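This report covers one chain. Keep the structure in view while reading.

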Amino acid sequence: MRAVQSCAMAWIGACVMSFGLLLAGEQAGQAREAAAQKRSAAQDSATEATLSETLNANTVSIVTGTPGGTYFRTGADLAFVLDDGDKLRILPILGRGAGANAYDLRFLKGVDLGFVRTDTLDQLRQDKRLKEIEKRIHYVAKLFNDELHVIAPKEISAISDLAGKRVSFDVKGSGTDYSGRAMFRELGLAVEAVNVDQPTALEMLRRGELEAVVSVAARPVGIIAGFEPAGRFHLVTVPYSDRIGEAYVPATLTGADYPKLVDGSKPVETLAVGTILGVYNHPKSSERYRKLERFTTAFFDRFERFLAPQHHPKWREVNLAASVPGWTRFQPAQDWLDSHREDTPSQTEVERFLSEQPQGAAADKEEVYQAYLRWRRAQRPEYGMVRR
């Protein structure tokens, strides 16, 4: 009996020990699993944090314009040409036009760059709420010109005929709203200004509810080119005079731009205002300044790529070295120009090349573009070399 009891006790003890070992093992396994889950969560968190840091450290945003417009299309060109994987990304943002872009660039968090105009500083100086605006917004480069379009009945034979008449200047806050009105003031022309969107304005013009529709935008403007005048409307000549301020320059609109609105082969004289690539001047010690420095270097280094046929033709008007009176160039842009004086492409070079081509030459854009690059390398053997 005692032997049986001893065996039973031993068996029970063994069972208890086994259970304890199993329990301890299970607890240890749970602890290891919990630790592994913590490590995994920490790793995931670290990975997400790293990804977030990488994306934000290498992305710059640019406020452009309305869908289909020149600013929108050139903003898309910037995004495609300058994309460099994890090193640089350009994020275009739809904007309301050059007038509103200036405020977005100055005040909206996360906006680094924007398409604004050479008369933007004058616009902002008139806003008494703003201080030291010249120190806040600089420019990377002057880009292309935006032309003044005035569409009116053919009975309006001169711009002065619009005095006192109802004229639309697009929606309030748009680039046309500011630059168009400013151009009319420079002309000494007082009109009854109306603010409606362009499609509505053109219909009002057709119904006789307006005497003219104004658009300040890079030619050709799609909605104007698509307007059916039915023999009743045309683009009004706007002559340039010495009394017009330095922000505005003479320009022309041709039958090639607007075959329905320009009679014959004679171009229509008008005014234009320059578009610039504006930049918020962050403190030099900030990460955002360093991002914009990388953007600037990439923009200048790869500028030739914007001249390819698939990109907006307005890029071919750009002279990177052109200065803008009254504006301060972003210091990294000035530094790049100072070190690449002989490498900077100019509109004059393109015009010279085109003038040397035989009349009636094939109009294959890609062939012309490649021929230009070959010509430029022949003119300047050092072309393409990047000096550091």
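## Strand E10 and its partners

Strand E9 (residues 248–253) runs antiparallel to E10, and six bridges join the pair. In this pairing, valine 249 sits opposite alanine 272 of E10. The model is a predicted one.

Strand E4 (residues 137–153) also pairs with E10 in the antiparallel sense, over eight bridges. Here glutamate 147 has alanine 272 of E10 as its bridge partner. Strand E3 (residues 113–117) is another antiparallel partner of E10, with five bridges. Leucine 113 faces valine 279 of E10.

How many of the 13 residues of E10 are buried? Twelve are, so strand E10 (residues 268–280) is largely enclosed by the rest of the structure. As a general point, side chains in a regular strand alternate between the two faces of the sheet.

Arginine 243 belongs to the loop between strand E8 (233–235) and E9. Is this arginine 243 buried or exposed? Arginine 243 has a relative accessible area of 57%. That is over the 50% cut-off, so arginine 243 counts as exposed.

Which residues does arginine 243 contact, apart from neighbours within four places in sequence? They are Glu186 and Leu187. Leucine 187 and arginine 243 are 56 residues apart in sequence, yet their C-alpha atoms are 8.0 Å apart. For glutamate 186, the backbone oxygen lies 3.5 Å from a polar atom of the arginine 243 side chain.

## Helix H6

Helix H6 spans residues 175–186. Its twelve residues reach 16 Å from first C-alpha to last. That is close to the 16 Å expected at 1.5 Å a residue.

H6 is mostly covered, with nine of its twelve residues buried. Gly175, Thr176, Asp177, Tyr178, Ser179 and Gly180 are among the buried residues of H6. Ala182, Met183 and Phe184 are buried in H6 as well. Just after H6, glycine 188 adopts a positive phi of about 70 degrees.

## Helix H2

Helix H2 covers residues 70–82 and has 13 residues. From first C-alpha to last, H2 reaches 18 Å, close to the 18 Å expected at 1.5 Å a residue.

The buried residues of H2 include Thr70, Tyr71, Thr74 and Gly75. Asp77, Leu78, Ala79, Val81 and Leu82 are buried in H2 too. An α-helix has 3.6 residues a turn, so residues three or four places apart point the same way.

## The chain as a whole

The chain holds twelve helices and ten strands. Of its 388 residues, 44% are buried. Among contacts with a separation of 6 or more, 77% join residues 24 or more positions apart.

## Confidence

Mean pLDDT for the chain is 83, and 74% of residues reach 70 or more.

Over residues 381–388, pLDDT stays under 50. The model has 16 contacts beyond four places in sequence for residues 381–388. Where pLDDT is low, predicted coordinates should not be read in detail.

Terms used
Residues numbered from 1 in each chain as written. Predicted model: local features only at pLDDT ≥ 70, side-chain atom pairs only at ≥ 80, totals over all residues. Heavy atoms only, no water. Helix = DSSP H or I, 4+ residues; strand = E, 2+ residues; numbered from the N terminus. Expected span 1.5 Å × (residues − 1). Buried < 20%, exposed > 50% of the residue type's maximum accessible area, 1.4 Å probe, protein only. pLDDT = per-residue confidence, 0-100. Contact = heavy atoms within 4.5 Å. Pairing = 2+ DSSP bridges. Polar contact = N/O pair within 3.5 Å; in protein donor to acceptor, adjacent residues only side chain to side chain.
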